[in-house]
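User: I want to learn how to read the computed features of a model. Please take me through them one at a time.

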Amino acid sequence: MVKPRDNEAEQALEAEDIALEAFIHALKLRHGYDFSEYSRASLKRRAQELARKLGVERVGDLIPSTLYEPALVREIVSHLSVPVSSLFRDPEVFQAMRSEVLPMLASWPRINIWLAGCAYGEEVYSLAIMLAEAGLTPRSQIYATDFNDYALERAAEGIFNRQNLPEYRSNYLASGGPGRLSDYYHARYNLIRMRRELLEKVVFAHHNLVTDGVFAEAQLIMCRNVLIYFTQPLKDRVLTLFADSLVRGGFLVLGNKEALSTTSPVADRFELVSAHERIYRLKRDRA
């Protein structure tokens, strides 16, 4: 009796995997969102969570909604992309940027920064605060991109939960913030809203790292905790895209669980600035 149950369980798992592939294919063909090169383990988990949220039993049950209910697509994409961040998240990274990156950026007359996968905008405002404190805002331009339009709208609003303030303040101080974080937001009721002047040099735009090309020529690209969801071929494609987007001597900042491996097709184009903080610099000599 044990063996049939095992076979039955294996068949159910196989069916769920097939359903996931069909769901991914339907989303791409019907709406143009391509998740085909995302890590299957994390994508399967998020699709199963989405199915439960929408009140259906299996991932395969999401396919009719994907095909015939366009109003749900925004929610589907928003859930699959899972924007998660915090103001000055991983403060040691921002501390390293203050000491290692900003002084170099200051040598350029104009500073273009591409923040790829900006999620709900916490990193956008963290970067804008850091640039303001370094006196670099007047000659900087931040391009904050994401393929999740709902996340972009949330990021532009700059409204966050007030209960996160202790974490935000702690991160800001640990990042080397010289002032008071409260100078950069208004608090009311259970929410905080970031000051509008922080967006003076910020442009929010739709960009899909899976399908789109070079977005801008940049002195700094930040893309943190996005590549961990991609397969290796897609990681290589995106890293090549970043290398092609940076000016010589430009900086690339990845997430703390991501790294530019020696097997990457662009590994020889970068030099390491900080291993622990995952900061790299495009070599100035690209002969």
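User: How many positive and negative side chains does the chain have, and how far apart do the centres of the two sets lie?

Analyst: Lys and Arg count as positive, Asp and Glu as negative; His and the chain ends are not counted. Each charge is placed at NZ of Lys, CZ of Arg, CG of Asp or CD of Glu. Here there are 36 positive and 37 negative side chains, with the two centres 5 Å apart.

User: What should I know about the source?

Analyst: This is a predicted model: local features need pLDDT of at least 70, side-chain atom pairs count only at pLDDT 80 or more, and totals for chains, interfaces and linings use all residues. Residues are numbered from 1 along each chain as its sequence is written, and side-chain values use heavy atoms, leaving out hydrogens and water.

User: What share of the residues is buried?

Analyst: Buried means under 20% relative accessible area, exposed over 50%, partly exposed in between (1.4 Å probe, protein chains only). In this chain, buried residues are 49% of the 287.

User: What share of the contacts joins residues 24 or more positions apart?

Analyst: A contact means heavy atoms within 4.5 Å. Among contacts with a separation of 6 or more, 77% link residues 24 or more positions apart.

User: Is S126 buried or exposed?

Analyst: S126 is buried, at a relative accessible area of 0%. S126 touches S86, L87, F88 and F94, leaving aside residues up to four places away in sequence.

User: What does the C-alpha trace span?

Analyst: Along its principal axes, about 70 × 55 × 35 Å.
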